[in-house]
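Please read them with the model open.

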Amino acid sequence: MLTAINLVYKAGGRALVDGVSATFEPGQFHLIVGPNGAGKSTLVKLLARLLQPHAGSVVYEAADAKRWNERELARRRATLSQAIDVAFPIPVRELVMMGRYPHFRGRPGPLDEAVCDDVMGYADVAELAERDYATLSGGEQQRVNFARVLAQIWKPLEDSRRYLFLDEPLTFLDIRHQIDFMKKVREFASQPDVVAVGVVHDLNLAIRFADRLILLHQGRILADGNAAHVLTAGNLSRAFDVNPAFITNQADGRVYISYD
Amino acid sequence: MKSQPSDRVVLVVLFVLMILTTAASIRFGAMDFSAHDMLTSVSGTLSGATDLTLDQRIFIRLRVPRALLCLLVGACLGVGGTLMQALFRNPIVEPGLVGTSSGAAFGAALFYVFGAMLKINFGEWTLPLAACGGGVISTYLVFALAQTKREGRSSIMLLLLTGLAINALCMSGIGFLSYIARDPQARSIIYWNLGTLSGANWRSVAIVGVATIAGTLMSLSYAKPLNALMIGDNEALALGINVGRLKWIVLTINVLMVAVATAFTGVISFVGLIVPHILRIIRGPDNRFLILGSALLGGTLLSLADLIARVAFRPAELPIGIVTSVVGVPVFLTLLRQRRYMF
């Protein structure tokens, strides 16, 4: 379990995250939705401990979590952000191997190589291994980074859960790759020791893939729960200032949102 | 990417090249030494013989330390360039960018103009100390000014621009000092800004040697975090690297190496810039390889440049900074056209 207690983060005299409390359960895929500037990315960075809150705290469930240094945290927590530029030409496999950096000193061992093979197969980038990262398409680059992030937390740990954070991971993916990507994250997140929290913009993708949704508005949680509870007409019009219409697909019974 | 030779093969080749270049560098110059003179000179010195000829003494007291200093300074500049490029995630950065070289040059200019008036001075050490001090002060000034309150970490763009400003300030300071200087002093300043290895002796070799070896070994221990920095500050942070601390440490190593090297030789440009480039094209961006490789290749290239400087118009000698620029600029421009880098 991962708990956020009354988180506050300010920038430029304004609270980007303004008193957020929530718990995140293992084995579930949590998605944070909300309008631009609602504080979604900031919240994810706070949860991943990439930012320090001005008030409140983030509690990882483990006896010695408070004493983890950056490296110990990095063996348990991985973060995928959008659009990563690499400064120099680098083969894809070397980039994926960076995900193992918290796990080895000096040169990578056989386990690190094996994990690299596994995650590259899982993220469907095995055939890109020798390519230069800079020559890949945006979608391929994002899949490579997904593999790198998975390499960081691929193997279950004895002493703690694993934490996966995704900060708008779909930005450069076409529709098919968005769905492939979300299926894989959901599959990874369904492991009983994985806590997964992501940010997405597309509400229909969120409905389809999230086990739980959190709607942020002006740095606060407007609603938290399943899609039917969170994405109501009232909440959507308040958060996004739109008039939604809910359409049920006759073929599969899923609900979709359309806007005026 | 095409298949590449292994790290070890490339490093061994670089090492052999370095030895060959150094051998040529001690053999040829304003005058060429015979194998007999070289051997007698070394064995005579080691056994404490007093019957060495003038040539043999010149060899052991001037030529050999000069070749070694050249090797070490080239290594310092090469490693410094690799460190700065990794730190700034930018392939067009060189060690002088954060003010180290221009600060050292300003310190040296101060010495040339006002050194004679000093009550306390350290004899032949005054110039290196003034230059080293200038380099250290200006580098940390750049970093202190580029420190932002909000994030607690220096942003790269702010650093580059602050470096630019401090460099300009040092340059105008040097211009002013040259302007008020008397003729011989002004010439000294000019020479120093073009780089010169003619002041080499065994003590400077020892000091720069310690800086080179200590700096290279320390850099190697930070190669992996520097690799992680390639994908950005935030990503490196997510990989468990204390990015703020890493930057200060790497910067300190760079200042140690470049300020000490510059203090004894003056400003030598382009070595720190092109050495990491060439290595990256041969073998890729892994800093574990780049740091060792740039120590070897930096030493080799500077030795070659010094050899050219001594032989091209002998017995006259060119300032080495002119050679490195004349050779370095076309190489650099060619590299830029061959590879597409992000700037």
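1. H8(B) passes H11(B) in a left-handed crossing. The model is a predicted one. The two helices, residues 202–221 and residues 243–265 of chain B, pack at an angle of about 160 degrees, and their axes are 9 Å apart. Since angles over 145 degrees count as roughly antiparallel, H8(B) is roughly antiparallel to H11(B).

2. On the H8(B) side, the contact with H11(B) is made by B:Ser204, B:Ile207, B:Val208, B:Ala211, B:Thr212, B:Gly215, B:Met218 and B:Ser219. H11(B) contributes B:Ile253, B:Leu256, B:Met257, B:Val260, B:Ala261 and B:Phe264. Sorted by class, this contact of H8(B) with H11(B) holds ten nonpolar and four polar residues, and no charged ones.

3. Which residues make the contact between H5(B) and H6(B)? From H5(B) they are B:Ser138, B:Leu141, B:Val142, B:Leu145 and B:Ala146. From H6(B) they are B:Leu158, B:Leu159, B:Thr162, B:Gly163, B:Ile166 and B:Cys170. Eight residues of the contact of H5(B) with H6(B) are nonpolar and three are polar, with no charged residues.

4. Helix H2 of chain B covers residues 35–46, twelve residues in total. At 1.5 Å a residue H2(B) should span 16 Å, and its end C-alpha atoms are 17 Å apart, so the two values agree. H2(B) is followed by B:Gly48, which has a positive phi, near 75 degrees.

5. Is B:Thr21 buried or exposed? B:Thr21 sits in helix H1 (residues 7–27) of chain B. There are 22 other C-beta atoms within 10 Å of B:Thr21, and 20 or more is the cut-off, so the residue is buried. Leaving aside neighbours within four places in sequence, B:Thr21 is in contact with B:Thr300, B:Ser303 and B:Leu304. B:Thr21 and B:Ser303 are 282 residues apart in sequence, but their C-alpha atoms are 6.6 Å apart in space.

6. The contact between the chains takes 24 residues from chain A and 23 residues from chain B. On the side of chain B that touches chain A, the elements giving two or more residues are helix H9 (223–229) and helix H10 (233–238) of chain B. H10(B) gives the most to that side, with four residues. By class, the side of chain B that touches chain A has eleven nonpolar, seven polar and five charged residues.

7. Two backbone angles in chain A deserve a look. Most residues other than glycine have a negative phi. A:Glu168 is not a glycine, yet its phi is positive, about 45 degrees. A:Glu168 is in the loop between strand E6 (162–167) and helix H6 (175–189) of chain A. With 16 C-beta neighbours inside 10 Å, A:Glu168 counts as partly exposed.

8. The other residue is A:Gln218, also not a glycine, with a positive phi near 50 degrees. A:Gln218 lies in the loop between strand E8 (212–217) and strand E9 (220–225) of chain A. A:Gln218 has 16 C-beta neighbours inside 10 Å and therefore counts as partly exposed.

Key
Residues numbered from 1 in each chain as written. Chains lettered and ligands numbered in written order. Predicted model: local features only at pLDDT ≥ 70, side-chain atom pairs only at ≥ 80, totals over all residues. Contact = placed C-beta atoms within 7 Å. Nonpolar A, V, L, I, M, F, W, Y, C, P; charged D, E, K, R; others polar. Expected span 1.5 Å × (residues − 1). Buried ≥ 20, exposed ≤ 12 C-beta atoms within 10 Å, placed from the backbone. Axes fitted to C-alpha atoms, helices over the stretch in contact; angles between N-to-C directions. Parallel < 35°, antiparallel > 145°, perpendicular 65-115°, else oblique. Left-handed = near helix turned anticlockwise from the far one by under 90°.
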